[in-house]
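Colleague: I'd like to walk through this model with you. Can we take it one question at a time?

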Amino acid sequence: MALTPRILLVDDNAALIDNLRETLEEEGYLVTSAGSVAGALQAATAGFDVALVDLRLPDGNGTALTEQLRNDHPDAAIVMLTGNATLETAAAAVRAGAFAYLVKPASTPDLLLTLEQALRQVKLQAEKRELARRAQVAEKLAAVGTMTAGLSHEIRNPLNAASLQLVVLERRLRKLPPLEQPPYLEPLKLVRDEIARLEHLLQDFLQFARPRELTLRALPLEPLVSAVVDLLAGEAERRGVRLWRDLPVGLPQVQGEDERLRQILMNLALNALEATPRGGTVRIWAQARPEEVWIAVEDSGPGIEPAVRQRIFEPFFSTKATGSGLGLPIVHAIVTQHGGVVGVEPSALGGARFWFTLLRAR
Ligand SMILES: Nc1ncnc2c1ncn2[C@@H]1O[C@H](COP(=O)(O)OP(=O)(O)OP(=O)(O)O)[C@@H](O)[C@H]1O
Ligand SMILES: [Mg+2]
């Protein structure tokens with residue numbers, strides 16, 4: 001859960017919504033609203049922590065909506081609101097998975113108390129999940145453990161030697177008549193690329209085995225995101241995917257380490273590009289929040305099945321033929337090291353939205 005709690009209000013009574021919005025914003029909540037089932041499902045794609053759902057909506061009923069929201073956003077909590085309480089509606093609310101059930105007109109203190117309780121539950125559950133995830137990650141890392149670090153060093157030495165010999169080889173080949181060079185230089189380039197890939201992999205391994213201390217600085221995000229978009233422009237073009245950034249002007253600076261933050265964005269954007277079919281879109285955007293900056297990388301790809309979603313932050317979990325499964329665990333490690341939170345949810349573009357938060361620089 002992000003630091004600023006996000007509340008989604010669903011009611012077709014505009015006056016009530018305005019009223020509630022004002023109260024909740026005064027309490028420091030981030031509020032979005034909708035007046036119908038369709039509107040709520042659309043608004044929910046932007047993510048929320050607690051939804052306040054009216055039972056009777058113009059295009060459907062709140063119970064079915066609650067069920068759908070619970071299904072799409074298992075990490076969030078739903079509080080149902082109704083004008084006339086009956087035993088049936090209460091039972092239906094419980095069955096739909098609502099956290100609580102309030103009767104209109106609910107007093108402001110009652111409403112705020114219920115929201116606080118719902119948020120506490122959301123937070124506890126997120127913490128529980130996070131702990132379970134960390135335990136799982138720690139277990140896997142222990143299994144791979146120091147062996148990885150040792151092995152990586154052992155591999156790095158011969159790899160360096162091979163790289164050096166390639167340079168020698170290339171220099172000798174360049175002395176051949178120009179027309180004779182290509183049949184030798186092409187395979188040489190292939191070998192060099194593969195060695196670079198291995199070196200990259202080793203760096204990922206080492207980063208896990210011995211995470212470095214961070215040197216935090218106040219950083220503007222705009223140049224960082226631009227650099228990543230520029231670096232990946234060729235890859236995006238090759239794949240026929242539109243890669244674009246959408247940062248508001250005046251976005252506050254964050255506390256971070258340039259190199260690490262770039263690695264987060266690269267890993268997320270590469271995953272997004274890899275998941276998105278030709279003609280699709282990958283979007284990097286950000287929002288300022290009172291304490292933090294929220295950054296998202298989302299795509300119009302196929303999204304992530306719930307069963308896969310549970311495992312994506314595990315080291316070495318990959319559904320790709322040549323994936324190492326280290327991209328997201330590294331993102332998770334770096335974001336956590338920065339004091340932020342990372343999450344994934346469905347994207348309004350149709351695919352996956354990976355988001356993370358960074359503390360604002362002070
Ligand atoms: N944007 C996305 N859309 C759909 N699935 C995704 C997306 N990003 C990640 N995944 C899923 O999460 C898995 C883990 O991602 P991760 O970046 O950790 O490893 P990888 O991409 O498979 O390999 P590596 O990044 O190490 O080359 C992926 O194999 C893929 O199944
Ligand atoms: Mg990846």
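Colleague: Leaving aside its neighbours within four places in sequence, which residues is Thr32 in contact with?

Modeller: Keep in mind that this is a predicted model. Thr32 sits in strand β2, which covers residues 30-34. Skip the neighbours within four places in sequence, and the contacts of Thr32 are Leu8, Ala43, Ala46 and Phe48.

Colleague: Okay, and how does Thr32 count: buried, exposed or partly exposed?

Modeller: Let's go by the C-beta neighbours inside 10 Å, and Thr32 has 17 of them. Buried needs 20 or more, and exposed means 12 or fewer. The 17 neighbours fall in between, so Thr32 counts as partly exposed.

Colleague: Now the helices: how is α2 oriented relative to α3?

Modeller: Helix α2 (residues 37-44) and helix α3 (residues 62-72) pack at an angle of about 15°, and their axes are 11 Å apart. Angles under 35 degrees count as roughly parallel. That's why α2 is, relative to α3, roughly parallel.

Colleague: And which residues of α3 make the contact with α2?

Modeller: From α2, the contact uses Val37, Ala40, Leu41 and Ala44. By class, the residues of this contact split into six nonpolar, one polar and one charged. The α3 side is made by Leu65, Gln68, Leu69 and Asp72.

Colleague: Last one: which element gives the largest share of the shell around ligand 1?

Modeller: There are 21 residues around ligand 1, with Asn271 and Ala275 among the closest. Two elements give two or more residues to that shell, α8 (258-275) and α10 (327-337). The largest share is four residues, and it comes from α8.

Definitions and conventions
Residues are numbered from 1 along each chain as its sequence is written. Chains are lettered from A and ligands numbered from 1 in the order in which they are written. This is a predicted model: local features need pLDDT of at least 70, side-chain atom pairs count only at pLDDT 80 or more; totals for chains, interfaces and linings use all residues. A residue is near a molecule or strand if its C-beta atom, placed from the backbone, lies within 6 Å of it. Two residues are in contact if their C-beta atoms, placed from the backbone, lie within 7 Å. Axes are lines fitted to C-alpha atoms, for helices over the stretch in contact, and angles run from 0 to 180 degrees between N-to-C directions. Angles under 35 degrees count as roughly parallel, over 145 as roughly antiparallel, 65 to 115 as roughly perpendicular and the rest as oblique. Ala, Val, Leu, Ile, Met, Phe, Trp, Tyr, Cys and Pro count as nonpolar, Asp, Glu, Lys and Arg as charged, and the others, Gly among them, as polar.
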